[in-house]
Amino acid sequence: MTLITMSQCRARSLQRLLRCKPASGSKASCSRLVLGIETSCDDTGAAVMDETGTILGESLHSQKEVHLRNGGIIPTVAQQLHRENIERVVQEALDRSGVTPAELCAVATTVKPGLALSLGVGLQFSQRFVREHNKPFIPIHHMEAHALTVRMLHPLTFPFLVLLVSGGHSLLAVARGVRDFLLLGHTLDEAPGDTLDKVARRLSLRKHPQCFTLSGGQAIELLAKDGDRKRFGFRTPMGQTPDCCFSFAGLRNQITMLIKKKEAEEGVEEGTLLSCVNDIAAATQHTVALHLAKRTHRAVLFCKANDLLPSGNPTLVLSGGVASNQYIRKALMIITEATGLRLLCPPAKFCTDNGVMIAWNGVERLREGNGILPPDVDVSYEPKAPLGVDISAEVRAAAIRLPSIQLKIPN
Ligand code: KG4
Ligand code: ZN
């Protein structure tokens with residue numbers, strides 16, 4: 001008689017749960033279906049996807065308007081809004097896909113990194129859901145999901161270089177597999193989206209007739225179109241540090257000083273729209289783009305020197321909320337053209353947070369049979385969680401000098 005251990009027994013019952021069940025009235029045939037849930041920051045998102053990456057139904061509730069009104073994200077407010085919306089958002093995604101909970105193969109949910117109170121709502125909801133319906137659970141790393149979204153849209157194989165820029169993150173990594181990343185650089189202080197949001201707030205862009213519904217980054221991109229990026233010269237951060245890390249706090253300080261100076265010159269109080277707001281937006285966006293482009297250029301050279309990318313069709317993926325910015329995309333296009341890489345950016349709706357990217361990450365894990373848990377396993381959320389193996393010290397030690405490239409970014 002063979003002795004079956006407890007863990008073998010659990011593995012078998014997980015295998016049984018992961019088998020394809022034909023979905024009766026749904027849009028899918030016999031493909032395993034994943035429900036993805038995202039609540040790491042200020043978007044409550046859910047989506048149902050089949051194993052081929054087809055989106056069967058999705059729903060997204062953005063808290064942007066409330067946070068704009070409050071002058072930033074207040075974690076307890078974000079938590080309350082997730083609580084109020086998660087049930088409806090998940091139900092909407094299921095209804096739109098015509099899939100019942102019983103027909104799902106697994107539930108994938110963001111559990112790290114992010115705002116503790118926001119992550120907690122999605123995790124608690126998901127754990128209750130998987131236990132009630134006896135479904136496997138796939139805990140998702142939010143940045144892994146941003147990095148992999150592109151594979152839902154393009155036939156892209158590993159390895160590839162990825163620049164992820166959002167309200168909470170700024171990082172360069174080599175994606176070598178679904179759960180295998182080499183971290184080349186990360187932000188030392190704040191993320192570029194956070195900087196743009198804070199500058200927009202300091203400029204009171206909510207009072208601008210074209211900007212009151214836009215995120216800080218969107219508002220700055222819009223105003224920069226009619227601005228002179230050369231009128232105010234900001235120093236590009238970390239010019240003397242030959243690594244792939246980022247820093248935006250010093251730049252924000254330079255911008256704040258300029259705003260104060262202009263307020264004094266124009267004789268207006270803080271909170272008044274300045275007449276030179278377009279030029280400040282253009283100079284801000286330009287300096288952020290230059291900083292991102294230079295660090296990415298060095299990352300490409302490091303990858304080439306260490307054979308980290310394939311010789312055929314090496315690719316840079318740009319994603320995360322700030323990647324929706326067309327000016328930043330153009331800056332990175334100059335780098336990829338100069339270094340012989342292909343640039344891939346998901347469309348804006350997949351760059352910002354959503355449930356689809358989490359469902360897709362669930363599909364990627366399901367295909368590999370990797371990182372899938374039985375419904376009864378307790379999972380904790382992690383507000384801080386680095387992506388992959390950090391080799392930023394090696395990158396710094398390589399001290400790669402950049403050849404000069406004319407970064408003439410078309411407006
Ligand atoms: O990825 P995301 O939706 O949430 C986080 O994980 O942070 O990114 C949101 C960030 C915000 O800071 C927002 O200002 C920025 O992305 N953003 C932009 C643009 N659209 C959104 N930044 C620059 N240009 C844009 N068009
Ligand atoms: Zn994000």
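Trainee: In which helix does His-67 lie?

Mentor: Before answering, note that this is a predicted model, in which local features need pLDDT of at least 70 and side-chain atom pairs count only at pLDDT 80 or more, while totals for chains, interfaces and linings use all residues. Residues are numbered from 1 along each chain as its sequence is written, chains are lettered from A and ligands numbered from 1 in the order in which they are written, and side-chain values use heavy atoms, with hydrogens and water left out. Helices (H or I, at least four residues) and strands (E, at least two) are DSSP runs numbered from the N terminus, and the run that holds His-67, residues 64-70, is helix 2.

Trainee: Is His-67 buried or exposed?

Mentor: The scale calls a residue buried under 20% relative accessible area, exposed over 50% and partly exposed in between, with a 1.4 Å probe and protein chains only. Contacts, meaning heavy atoms within 4.5 Å, link His-67 to Asp-42, Gly-72, Ile-73, Ile-74, Val-77 and Ala-78, when residues up to four places away in sequence are not counted. Its relative accessibility is 5%, so His-67 counts as buried.

Trainee: How far apart in space are His-67 and Ile-140?

Mentor: In sequence, His-67 and Ile-140 are 73 residues apart. Taken from C-alpha to C-alpha, their separation in space is 25 Å.

Trainee: Which residue stands opposite Thr-110 in strand 5?

Mentor: Two strands pair if DSSP finds at least two bridges between them, and strand 4 (residues 106-112) is joined to strand 5 by five bridges, the two running parallel. Strand 4, helix 4 (residues 116-133) and strand 5 make a right-handed β-α-β unit, where right-handed means that, with the strands pointing away from the viewer, the path from the first strand over the helix to the second runs clockwise. Within this pairing, the residue of strand 5 opposite Thr-110 is Ile-140.

Trainee: Why is strand 5 described as largely enclosed, and which of its residues point the same way as Phe-137?

Mentor: Five of the five residues of strand 5 (residues 137-141) are buried, so the strand is largely enclosed by the rest of the structure. In a regular strand the side chains alternate between the two faces of the sheet.

Trainee: How many residues does the hairpin between strand 2 and strand 3 have between them?

Mentor: Strand 2 (residues 43-50) has eight of its eight residues buried, so it too is largely enclosed by the rest of the structure. Strand 2 is joined to strand 1 (residues 33-38) by six antiparallel bridges, with Leu-35 opposite Val-48, and to strand 3 (residues 55-62) by seven antiparallel bridges, with Val-48 opposite Gly-57. In the turn of the hairpin that strand 2 forms with strand 3, Gly-53 has a positive phi of about 95°, and the number of residues between the strands is four.

Trainee: Which strands stand at the edges of the open six-stranded sheet?

Mentor: The sheet has mixed pairing and the order 10-9-6-7-8-11. Each edge strand has a single partner strand, so one side of each is left without a neighbour in the sheet; these are strand 10 (342-344) and strand 11 (389-390).

Trainee: What angle does helix 10 make with strand 6?

Mentor: Helix 10 (residues 277-305) packs on the sheet and touches strand 6 (160-165), strand 7, strand 8 and strand 9 (315-319). Axes are lines fitted to C-alpha atoms, for helices over the stretch in contact, and angles run from 0 to 180 degrees between N-to-C directions. On that basis the direction of helix 10 makes with that of strand 6 an angle of about 160°.

Trainee: Where is Asp-243 placed, and what is its relative accessibility?

Mentor: Asp-243 sits in the loop between helix 8 (216-224) and helix 9 (249-266). Leaving aside neighbours within four places in sequence, Asp-243 is in contact with Met-238, Arg-295, Arg-298, Val-395 and Arg-396. Asp-243 counts as buried, with a relative accessibility of 2%.

Trainee: What share of the residues in the chain is buried?

Mentor: The chain holds 14 helices and 11 strands, and its C-alpha trace spans about 85 × 50 × 35 Å along the principal axes. Among the 411 residues, the buried share is 56%.
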